[in-house]
Amino acid sequence: MTLNREEIEKIIPHRAPMLLVDRITSLTDEEASGELDVREDAMFVQGHFPGNPVMPAVFELEAIAQVGAVAILSRPEFRGKTAYYASIDKAKFRRMVRPGDILRMTVRLTKIRGAFAVAEGAAYVGDELAAQAEIKCAVSE
C-alpha cells in the first residue's frame, strides 16, 4: 500500500510545516516505510545552519515517529486518534541529512498493549543509516 500526503493527512493529524512525510511507500499491520524530500526551503533548514544547512536530528526522529504513527493509526482500533510520544530510547545519529537528500524512514511495531505501542525505527539516505531509535507512544483521543 502506498499513500501520498493527502492520504497521510487523513490518518495522522500533522500538517505543514510539521508534516515530515511526503509519501508512505509500504504499509502493513506491523511495518511502514515512508520518504521525505528534504527541501532547501524547509522551515527547519532555514536557520540550521546558515551556509551549512543540516536537518536537525530531532526532526529526523519526528519523521521516523510520523511514519510509525501512520502504522499505528491505520489500525482499526486506533483510527481517528492521536499518537503521543511516551519515550525515545537508544537514539543514535550516524550521518548528516542535507537539502536535496531523500530521507527514507522504516518503522516496525514491536509491541502493542492497550493504548501503548513500542516501535523500532530508522532513517536512511540512500543505503546509509542516518538515525535510529526505539520510540514508545500512547494513543489517545
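Two strands count as paired if DSSP finds at least two bridges between them. Strands themselves are DSSP runs of E at least two residues long, numbered from the N terminus. With that in hand, let's walk through this model, which is predicted: local features need pLDDT of at least 70, side-chain atom pairs count only at pLDDT 80 or more, and totals for chains, interfaces and linings use all residues. Residues are numbered from 1 along each chain as its sequence is written, and side-chain values use heavy atoms, with hydrogens and water left out.

Start with the big picture. Seven strands make an open sheet, running in the order S1-S2-S3-S5-S6-S7-S4, and their pairing is antiparallel. At the edges sit S1 (3-4) and S4 (82-93), each of which pairs on one side only.

S4 pairs with S7 (residues 128-140) through nine antiparallel bridges. Look for phenylalanine 93, and you'll find alanine 131 of S7 opposite.

Next comes S6 (residues 116-125). S6 and S7 are joined by 10 antiparallel bridges, and tyrosine 124 has leucine 129 in S7 as its bridge partner. The two strands form a hairpin with two residues between them, and glycine 126 in the turn has a positive phi of about 60°.

On to S5 (residues 102-113), which pairs with S6 in the antiparallel sense over 10 bridges. Here valine 107 stands opposite glycine 121 in S6. S5 and S6 form a hairpin with two residues between them, where the turn's glycine 114 has a positive phi of about 65°.

Definitions and conventions
Helix = DSSP H or I, 4+ residues; strand = E, 2+ residues; numbered from the N terminus.
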